[in-house]
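The sequence and the model are shown first.

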Amino acid sequence: MAKKISVGIADMKIARQEGELITYALGSCIGVAFYDPMIKLGALLHIMLPEKNMTDSNVFKYADSGVRETLRKLQAFGATKGRLVCKIAGGAKMFEMKGPGGLGNIGERNAQNVKRVLMAEGLRVSSEDTGANYARTMSLDVATGKVYIRSAGRPERML
């Protein structure tokens with residue numbers, strides 16, 4: 001059994017050749033799996049919010065800065081953008097917001113911004129499991145590049 005490497009909220013981890021990168025509790029948050037099949041290099045990013053707040057030093061908390069920093073680190077480890085396979089999960093609408101707040105559906109905004117930043121970086125999402133109103137657990141098997149999604153009361157799904 002490959003070792004499990006847990007990725008926390010507003011966190012990112014990288015693994016090469018083997019291991020399982022796993023992140024839990026993707027409600028409105030988005031998990032982004034990056035995989036370079038040629039060198040079996042994978043990363044899993046767990047973002048919370050669509051855009052970076054200038055006063056917060058945690059780049060992995062946000063879609064824009066988190067995706068870019070993950071790509072920078074992957075390239076430092078030998079990944080090539082043209083080979084990267086990207087898959088996303090999460091972005092659920094966990095709570096019904098009422099009244100004037102302007103926040104809207106944060107999960108949907110997270111998903112849209114992740115896709116926008118990936119596209120700006122020349123990458124496309126090859127598969128996704130986003131939206132709805134339930135949390136997800138996302139895992140990336142670094143030996144194979146397979147991404148699995150688990151949710152309470154639902155069958156496991158491979159992206």
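A residue is called buried when its relative accessible area is under 20%. In this predicted model, strand E4 is mostly covered by that criterion, seven of its seven residues being buried. Ile-30, Val-32, Phe-34 and Asp-36 point one way from E4, while Gly-31, Ala-33 and Tyr-35 point the other way, and all are buried.

E4 has strand partners that include E5, to which it is joined by seven bridges in an antiparallel arrangement, and strand E6 (residues 85-90), with which it pairs, also in the antiparallel sense, over six bridges. Within these pairings, Gly-31 stands opposite His-46 in E5, and Val-32 has Ile-88 in E6 as its bridge partner. E4 and E5 form a hairpin with four residues between them, and in the turn Lys-40 has a positive phi of about 50 degrees.

Helix H1 comprises residues 63-76, that is 14 residues, and reaches 20 Å from its first C-alpha to its last, close to the 20 Å expected at 1.5 Å a residue. Just after H1, Gly-78 takes a positive phi of about 110 degrees. The buried residues of the helix are Ala-63, Asp-64, Ser-65, Gly-66, Val-67, Glu-69, Thr-70, Leu-71 and Leu-74, and they pack against strands E2 (11-16), E4 (30-36) and E5 (41-47) as well as helix H2 (106-120).

Thr-70 counts as buried because its relative accessibility is 0%. Leaving aside neighbours within four places in sequence, Thr-70 is in contact with Met-12, Phe-34, Ala-43, Leu-45 and Phe-60; of these, Phe-34 is one of the residues named above in E4.

The cysteines remain to be considered. A disulfide requires two cysteine sulfur atoms within 2.5 Å, and by this rule the count comes to zero disulfides. Cys-29 is in no disulfide, the nearest cysteine sulfur, that of Cys-86, being 19 Å away.

| Residue | Relative accessibility | Class |
|---|---|---|
| Cys-29 | 10% | buried |
| Cys-86 | 0% | buried |
| Thr-70 | 0% | buried |

Definitions and conventions. Residues are numbered from 1 along each chain as its sequence is written. This is a predicted model: local features need pLDDT of at least 70, side-chain atom pairs count only at pLDDT 80 or more; totals for chains, interfaces and linings use all residues. Side-chain values use heavy atoms; hydrogens and water are left out. Helices (H or I, at least four residues) and strands (E, at least two) are DSSP runs, numbered from the N terminus. The expected span of a helix is 1.5 Å times one less than its number of residues. Buried means under 20% relative accessible area, exposed over 50%, partly exposed in between (1.4 Å probe, protein chains only). Contact means heavy atoms within 4.5 Å. Two strands pair if DSSP finds at least two bridges between them.
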